[in-house]
Amino acid sequence: MRHIISILLENESGALSRVAGLFSARAYNIESLTVAPTEDPSMSRMTLVTSGSAEIIEQITKQLNKLIDVVKLNDLNVSSVQHIEREMMLIKLKAPASARAEIMRLTDIFRGNIIDVNDDTYTVELTGTTEKLNAFITVFDCDSILETVRSGVMGIARGSSSLHV
């Protein structure tokens, strides 16, 4: 099962390396990883997506909690935590004159924005769930997609529940 683990950690050099090292040492896979400073410059928030059985996820969270840089963590897929997740994608598409109207129509349907127009390409910005971004990709044939860049999943708990010190 896919799990989104939100981690509050000290904004120190090597913190990301220690988290990645924990996963590689135990042969666990990181499907997605985003890290950025929080409103407190001494802290960073890491959102990590991984898959595994309940036992594996429990082992991962226990090992993460042992790392010195980790202040607090939250598994957003625990049944008691409702959450919001988003991912951003930039996708560059071939846009010959004959396909431009269709690209614009599909971008509107998916609530995206065309952020760069060239003589023969469009670059589209799209934000949503992983499933929404994957669906947008599947409406185009592989030959029309020139490049895809994705941010990775970001997640936050709904309501008053929050990850802070």
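In which loop is A27 found? A27 belongs to the loop between α1 (15-25) and β2, where helices (H or I, at least four residues) and strands (E, at least two) are DSSP runs numbered from the N terminus. The model is predicted, so that local features need pLDDT of at least 70 and side-chain atom pairs count only at pLDDT 80 or more, while totals for chains, interfaces and linings use all residues. Residues are numbered from 1 along each chain as its sequence is written, and side-chain values use heavy atoms, with hydrogens and water left out.

The phi of A27 is near 60°, a positive value in a residue other than glycine. A27 is exposed, with a relative accessible area of 70%; here buried means under 20% relative accessible area, exposed over 50%, and partly exposed in between (1.4 Å probe, protein chains only). R111, which is not a glycine either, has a positive phi of about 55°. R111 lies in the loop between α3 (100-109) and β6 (113-117), and with 73% relative accessibility it counts as exposed.

The sheet can be followed strand by strand. Four strands form an open sheet in the order β2-β3-β1-β4, with antiparallel pairing, and two strands are taken to pair if DSSP finds at least two bridges between them. Because β2 (32-37) and β4 (70-75) stand at the edges, each with a single partner strand, one side of each is left without a neighbour in the sheet. From one strand to the next the twist averages 15°, the axes being lines fitted to C-alpha atoms, for helices over the stretch in contact, with angles that run from 0 to 180 degrees between N-to-C directions. β2 is joined by six bridges to strand β3 (residues 43-51), and these two run antiparallel; V35 stands opposite M46 in β3.

Helix α2 (residues 54-66) packs on the sheet, where it touches β1 (2-10), β3 and β4, and its direction makes about 160° with that of β4. Contact in this sense means heavy atoms within 4.5 Å. T61 is found in helix α2 and, at 15% relative accessibility, counts as buried. If its neighbours within four places in sequence are left aside, T61 is in contact with I5 and L73.

Two packed helices are described by the angle between their axes and the distance between the axes. For α1 and α2 the angle is about 145° and the axes are 11 Å apart. On the α1 side the contact is made by V19, L22 and F23, and on the α2 side by I60, Q63 and L64.

The largest one has 15 residues, of which I7, V19, F23 and L64 touch the most other members. At least two residues of this core are supplied by each of β1, α1, β3, α2 and β4, and the largest share, four residues, comes from α1. Not counting residues up to four places away in sequence, L64 touches I5, I7, V19, L22, F23, V70 and L73. A second, separate core has 14 residues, including V124, L126, F140 and I145.

Definitions and conventions: Core = buried A, V, L, I, M, F, W, Y, C linked by side-chain atoms within 4.5 Å.
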